[in-house]
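Below is a walk through one protein chain, written for someone who has not seen it before.

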Amino acid sequence: MENQDKTINHEDSEPSTEVNHTASRCQEKQEETVMNPRGIDGNEPTEGSNLLNSNEKMQETPAEPNHLQRLRQTFACPPRGLLDRVITNVTMVVLLWAIVWSITGPECLPGGNLFGIIILFYCAVIGGKLLGLIKLPTLPPLPPLLGMLLAGFLIRNIPVISDNVQIKHKWSSALRSIALAVILVRAGLGLDSNALKKLKGVCVRLSLGPCLVEACASALLAHFLMGLPWQWGFMLGFVLGAVSPAVVVPSMLLLQEGGYGVEKGVPTLLMAAGSFDDILAITGFNTCLGMAFSTGSTVFNVLKGVLEVVIGMATGLLLGFFIQYFPSSDQDKLVWKRAFLVLGLSVLAVFSSLYFGFPGSGGLCTLVLAFLAGKGWASAKADIEKVIAVAWFIFQPLLFGLIGAEVSITSLRPETVGLCVATLGIAVLIRILATYLLVCFAGFNFKEKIFISFAWLPKATVQAAIGSVALDTARSHGEKQLEGYGMDVLTVAFLAILITAPIGSLLIGLLGPRLLQKAEHQNKDEEDQGETSIQV
């Protein structure tokens, strides 16, 4: 019995000795780590290196399987992921072309109008995507509309492609007019009545002053340098007088997110004033357009221009009040019905104004109509703006692609291009000086005034929308001299987009962080984050 008890006691004591041996080994390892803090490579390990080493040990094994798994998913049968999306999109494009071809026949073959429109649309979309891939550090991305413009220009001026991709002037003019109606609807819906009431003096000056000064300067330069009549000179001036919201707004939002100029409201001021600047330019252009194509004395032309403004505003008021109440808010699919009505009435106003001989009243009617409709819809306006944005997503590549396709290298004379560039350059310099003077005594320092002056430089959307309207109207009248004037206006608009859009975008991205003050709370947040990261 005693021997058995000793055996049991000996067996019970063995685990404890094993635990003690294990604990002693762990203690020896810890002591070795403390006594010899250098790693295998002889460097002292830090907490970061220890975390990296532990992460590397955890990630070493699953890295290769994930890579192989991605390859298997990409080339799986049936395909999935990216390959599946590519095949699906190509199939949809080919199917769309095949359906249209089965209905229209030769119109969808090379040389037909529909074939040219489809090719131009997809080339413009691809051009915008490719330009969007060009990303420079600390700079805003280049506007995709520049790639769309260049795509249309290349299609027109590459011999083999231009022979097969042809679009009749009537089709091109109709598509650009629809795109103009979409732009005007977006501008009208984007106006805020509360912001109009709270406008400060500097915002009013910035909305009206630079546009009018540049329009008058461009009219003088166009008359004496390019030989255009006064009506056409002012028409060109109002084409150049608008800034591009497609370039200015994204750049201002990037600066606003970084906290630059937020305390004094510089980005908000430029975005708000830009909308009113564009509306003033479009209204002035439409008024001059009606005066340029009217026959009779100067007094009669002025009275007809005023009559077009009155007709446009009265029709816009009538249609705007109508669309506020029809359809009523208790109907189903309300957003789609309202979006269809505002777009349909706007397109009808633009085309019918040309038909009845009052080309300047259609744009103004669309602006008033969209503004009153948005005011009546109140909070529901945001959903309708999303539907209008989808329409703009479709017509934006067509608009800029068609503008680029209108410009032919063979039809451009070197002296014409030189005079157009000179007119554009001098007008832009005068606008920059005028903008600087107009923001004086508004509480901005010298650097902020310089930034606001150069931020008012980019031109794109409005120039593409109204730059070709004069040429299309001249073609409808069949007068070669007026077509020449319209081609000069279109050339200046094309060069304005090509030169000022990328330069303006780059200047905003470069000058913003250097000239505008950063918000203090942003700096404090960054310091706190830096201290927290150091502590961690």
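The model is a predicted one.

Two packed helices are described by the angle between their axes and the distance between those axes. Helix H9 covers residues 201–224 and helix H12 covers residues 266–292; their axes are 8 Å apart and they pack at an angle of about 40°. The crossing in which H9 passes H12 is right-handed.

H9 also packs against helix H17, which spans residues 414–438; here the angle is about 150° and the axes are 9 Å apart. Because angles over 145 degrees count as roughly antiparallel, H9 is roughly antiparallel to H17. H9 passes H17, too, in a right-handed crossing. From H9, the contact takes in Arg-205, Leu-206, Gly-209, Pro-210, Cys-211, Val-213, Glu-214, Ala-217, Ser-218, Leu-221 and Ala-222, and from H17 it takes in Thr-423, Ile-426, Ala-427, Val-428, Ile-430, Arg-431, Ala-434, Thr-435 and Leu-438. The contact of H9 with H17 divides by class into 13 nonpolar, 4 polar and 3 charged residues.

Several of these residues come up again around Gly-241. This glycine sits in the loop between helix H10 (230–240) and helix H11 (245–258). Is Gly-241 buried or exposed? Its relative accessibility is 0%, so Gly-241 counts as buried. With neighbours within four places in sequence left aside, Gly-241 is in contact with Cys-211, Glu-214, Asp-277, Ala-281 and Arg-431. Glu-214 and Arg-431 take part in the contact of H9 with H17. Gly-241 and Lys-459 are 218 residues apart along the chain, yet their C-alpha atoms are separated by 8.6 Å.

Other loops can be followed in the same way. Leu-133 is placed in the loop between helix H4 (113–132) and helix H5 (144–157). Leu-133 counts as exposed because its relative accessibility is 65%, and exposed means over 50%. From Leu-133 to Pro-144 there are 11 residues in sequence and 9.4 Å in space, C-alpha to C-alpha.

The loop between helix H13 (298–325) and helix H14 (334–355) holds Pro-327. The peptide bond leading from Phe-326 to Pro-327 is cis, and its omega is near 5°. Lys-333 lies in the loop between H13 and H14 as well. Its phi is near 50°, a positive value in a residue other than glycine. Lys-333 has a relative accessible area of 63% and is therefore exposed.

Finally, the chain as a whole. It has 22 helices and 0 strands. Of its 536 residues, 41% count as buried. The accessible surface comes to about 29300 Å², and 66% of that belongs to carbon and sulfur atoms. Among contacts between residues at least 6 apart in sequence, 78% join residues at least 24 apart.

Technical notes. Residues are numbered from 1 along each chain as its sequence is written. This is a predicted model: local features need pLDDT of at least 70, side-chain atom pairs count only at pLDDT 80 or more; totals for chains, interfaces and linings use all residues. Side-chain values use heavy atoms; hydrogens and water are left out. Axes are lines fitted to C-alpha atoms, for helices over the stretch in contact, and angles run from 0 to 180 degrees between N-to-C directions. Helices (H or I, at least four residues) and strands (E, at least two) are DSSP runs, numbered from the N terminus. A crossing is left-handed if the near helix is turned anticlockwise from the far one by less than a right angle, and right-handed if clockwise. Buried means under 20% relative accessible area, exposed over 50%, partly exposed in between (1.4 Å probe, protein chains only). Contact means heavy atoms within 4.5 Å. Accessible areas come from the Shrake-Rupley method with a 1.4 Å probe; for residues, only the protein chains shown count as cover. Angles under 35 degrees count as roughly parallel, over 145 as roughly antiparallel, 65 to 115 as roughly perpendicular and the rest as oblique. Ala, Val, Leu, Ile, Met, Phe, Trp, Tyr, Cys and Pro count as nonpolar, Asp, Glu, Lys and Arg as charged, and the others, Gly among them, as polar.
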